[in-house]
Amino acid sequence: MSRIKFRALFVATLVTALLGMPCLHAQQDNNAEDAFDQSIGQSYTNTRWYPNPFAPYMNPRVPGFHLANSQLLHELIQNGRMELSLQDAIALAVENNLDIAVARYNPEYAQIDKVRAASGQATRGITGAFSSNALFSGALGGGVGAASGGFVQGAAGSAIGGVNVNRITSVGSFDPVIGFSGGWAYSASPLSSDIVNGVSLLTGNTGQYSAFFGQEFPTGTSYEVSLGAARLSTNALTNIFNPQWVSSLTIGVEQPLLNGFGYRANAKFIRIAENDAGIAKDYFREQVATTISQIENDYWTLVEDKENVSVAQEAVNYNQKLLADNKRQVEIGTLAPLDVIQAESALATAQQNLIVAETTFQQQQELMKTVLSKQVTGDLLTADIEPVDKLPTPEPTDVPPLERALQLAHENRPEVDLNGLNLKNEEVILKANRNSLLPTLSVFASYTPSGLYGEKVLVPDAEGVLVPITPGVPGGFGQTLSQLFHNEYPDYSVGFTLAMPIGNRAAQADAARALLEEHMLRTQVQQTLNTIDQDVRQAEIAVVQGRARIDAAQKAVTYAHQQLVDEQKKFKVGESTVTLVIQMQNNLTQAEGTLVTAQASYATALTQFEQATGTILAKNNVQLVEALTGKVNRMPNIPGTPVSGN
């Protein structure tokens with residue numbers, strides 16, 4: 001084959017292998033970040049050389065976690081008292097709750113994984129994402145260390161010469177890799193003959209230097225450029241140059257054509273990282289919704305406990321009045337002293353119940369302080385929390401019809417979208433595993449010119465015999481580079497490799513497992529939908545039951561109050577006893593307590609319905625970006641200021 005034809009074949013192979021290189025940039029440029037990603041901001045990694053070339057090799061700067069409570073919490077405390085609405089409680093939770101603070105790290109992990117995947121390495125995974133066992137842990141295999149970049153002397157300077165097929169190895173990184181190396185050596189070797197070198201003791205000094213640059217692309221294309229040089233000096237009498245400079249330039253490229261070819265095979269972790277960012281968002285939304293639901297329930301429990309204190313105080317007031325009336329009647333002789341003792345006993349029981357109600361209310365306040373702050377210190381430690389919202393009363397429009405409620409749940413529950421993204425990840429894995437079933441077929445090409453020069457100490461005489469000259473003809477590294485770039489001593493290589501595993505059992509097993517995982521995930525999707533539908537139906541039933549309990553409890557309170565009034569009238573005219581009056585008072589207290597419990601249960605049922613339909617964040621005006629940043633951008637209900645719309 002002529003040199004011209006060989007060069008043409010080499011160029012054709014090189015162009016074919018490089019066709020896919022621009023694909024990474026074209027596809028990456030089209031991947032615009034959504035608003036949630038933008039709210040996260042940077043990934044805290046330093047990957048750019050400009051303006052600081054040492055930044056990629058320094059520890060990233062990640063801001064620490066601040067334990068100081070938000071300013072909103074301090075603004076709500078006035079004169080040792082916090083008048084707290086439900087909306088303010090939710091705002092405090094968004095800014096300070098540690099469960100939400102912990103959940104914020106998952107989206108950050110997803111952003112870090114996108115940076116890692118962009119380098120061609122495997123993602124680390126996030127909470128909420130299905131971890132496939134059919135996806136092998138390595139991405140490109142060798143990583144950055146696979147780029148050789150060592151000095152390749154080739155045939156230049158060799159006493160034997162020869163022709164080798166030069167082939168680069170896979171660089172193993174989507175990030176460009178640059179490197180430098182250098183080394184020095186001295187040796188003294190005794191020889192059994194002085195025919196070759198003219199001496200019986202051969203000594204030499206060698207210095208080797210090299211630089212290389214390489215990269216791999218999601219198409220599977222890998223290239224490397226390396227430049228090496230060596231300075232050799234010896235006491236041999238037969239070298240034409242002493243010292244001599246040997247240089248070598250290697251430009252090589254390799255492209256898989258079957259297994260390992262294309263974006264599907266090599267950029268699977270980039271696609272998975274993109275999907276994982278969406279999974280992190282859905283999982284974060286789910287965690288925030290769960291926390292807000294718990295805050296709502298805790299708040300309504302606080303209101304219930306406050307109402308129970310009022311009921312218990314009312315019972316004490318009833319019994320105090322009864323005791324005072326009985327004492328007056330004993331003084332005028334119309335009532336036995338034993339009735340006073342009975343009234344005192346009833347009052348003591350009512351006072352005990354009041355203390356229990358007050359301490360229960362205090363315990364719930366301490367719980368609220370914990371869930372609404374990063375730490376309970378300062379003015380919050382001694383502040384009294386006073387809920388300002390009342391327990392809800394049933395309204396016909398509290399919940400929509402069941403069919404509409406199911407539709408809302410399917411549209412808003414984060415689990416639905418989360419399962420869909422896990423399925424997308426599995427589809428990426430299926431495509432990658434289909435590629436891994438193929439045999440390995442790669443084409444490669446390389447161009448390796450070399451140069452040799454130095455101080456010429458032997459020159460041919462008139463008869464062509466090499467004879468020493470003094471002084472030698474100067475020469476060095478500059479001449480060797482000139483030989484390189486003038487292509488005086490070219491070396492071209494082109495070829496292919498084919499490997500076909502017999503049986504291909506490992507790839508077959510991974511592909512089969514990926515298919516089984518996909519079927520399992522689709523089963524889980526339906527399982528999740530069934531669970532969501534069940535949650536909605538149960539929430540609807542709980543709301544209906546809550547309405548019925550409130551209606552029955554209200555009627556019971558009305559009846560018990562009327563009974564007490566009637567019994568008190570009878571007692572005044574001597575037609576009843578203290579025992580019956582105390583019993584009627586206890587019945588009224590119990591009925592009022594039952595009504596408070598029924599109202600609190602109804603509030604909890606409404607919260608359960610909001611969570612079941614995935615509308616709890618929208619109903620409470622919670623923006624996901626605010627939950628992510630921990631900063632609420634609306635005015636709180638601070639005592640003494642105009643009430644703003646929430």
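**Overall make-up**

I counted 18 helices and eleven strands in the protein; helices are DSSP runs of H or I with at least four residues, strands are runs of E with at least two, and both are numbered from the N terminus. This is a predicted model, in which local features need pLDDT of at least 70 and side-chain atom pairs count only at pLDDT 80 or more, while totals for chains, interfaces and linings use all residues. Residues are numbered from 1 along each chain as its sequence is written, and side-chain values use heavy atoms, with hydrogens and water left out.

I looked up burial next: 44% of the 646 residues of the protein count as buried. Buried means under 20% relative accessible area, exposed means over 50%, and partly exposed lies in between, for a 1.4 Å probe and protein chains only. Then I took the contacts between residues at least 6 apart in sequence, and 78% of them join residues at least 24 apart. A contact here means heavy atoms within 4.5 Å.

**Helix α16 and its partners**

I started with α15 (residues 505-572) and α16 (residues 578-613), whose axes are 7 Å apart at an angle of about 160°. Axes are lines fitted to C-alpha atoms, for helices over the stretch in contact, and angles run from 0 to 180 degrees between N-to-C directions. The two helices are therefore roughly antiparallel to each other. My cut-offs for that wording are under 35 degrees for roughly parallel, over 145 for roughly antiparallel, 65 to 115 for roughly perpendicular, and oblique for the rest.

The crossing of α15 and α16 is left-handed, which is the term when the near helix is turned anticlockwise from the far one by less than a right angle; clockwise is right-handed. I sorted the residues of the contact of α15 with α16 into 25 nonpolar, twelve polar and six charged. Ala, Val, Leu, Ile, Met, Phe, Trp, Tyr, Cys and Pro count as nonpolar, Asp, Glu, Lys and Arg as charged, and the others, Gly among them, as polar.

Next came α10 (residues 337-371), which packs with α16 at about 15°, with the axes 10 Å apart. That makes α10 roughly parallel to α16. Their crossing is right-handed. On the α10 side I found D339, Q342, A343 and A346, facing V578, T579 and I582 of α16. This contact of α10 with α16 has four nonpolar, two polar and one charged residues.

I then checked α12 (residues 402-412) against α16 and got an angle of about 55°, with the axes 7 Å apart. That makes α12 oblique to α16. A405, L408, A409 and N412 of α12 meet F609, A612 and T613 of α16.

**A three-stranded sheet**

I traced an open sheet of three strands in the order β1-β2-β7, with mixed pairing. Strands pair if DSSP finds at least two bridges between them. The edge strands are β1 (77-78) and β7 (384-387), each pairing on one side only. Strand β2 (residues 81-84) runs parallel to β7, and four bridges join them. E83 has E386 in β7 as its bridge partner. Helix α9 (residues 268-332) packs on the sheet and touches β2 and β7, with its direction at about 90° to that of β7.

**Helices α5 and α6**

How many residues of helix α5 (residues 86-96) are buried? I found eleven of the eleven, so α5 is largely enclosed by the rest of the structure. Those buried residues pack against α4 (71-76), β2, α6, α9, α10 and α18 (624-629).

In helix α6 (residues 98-103) I looked at L98, which is partly exposed at 37% relative accessible area. Beyond residues up to four places away in sequence, L98 touches F65, S373 and K374.

**Backbone notes**

Most residues other than glycine have a negative phi, and most peptide bonds are trans. I noted the peptide bond from N242 to P243 as cis, with omega near 0°; P243 is in strand β6 (residues 241-256).

N79, in the loop between β1 and β2, has a positive phi near 55°. N487 also has a positive phi near 55°, in the loop between α14 (477-485) and β11 (492-499). Which of these is buried or exposed? N79 counts as exposed at 83% relative accessibility, whereas N487 is buried at 17%.
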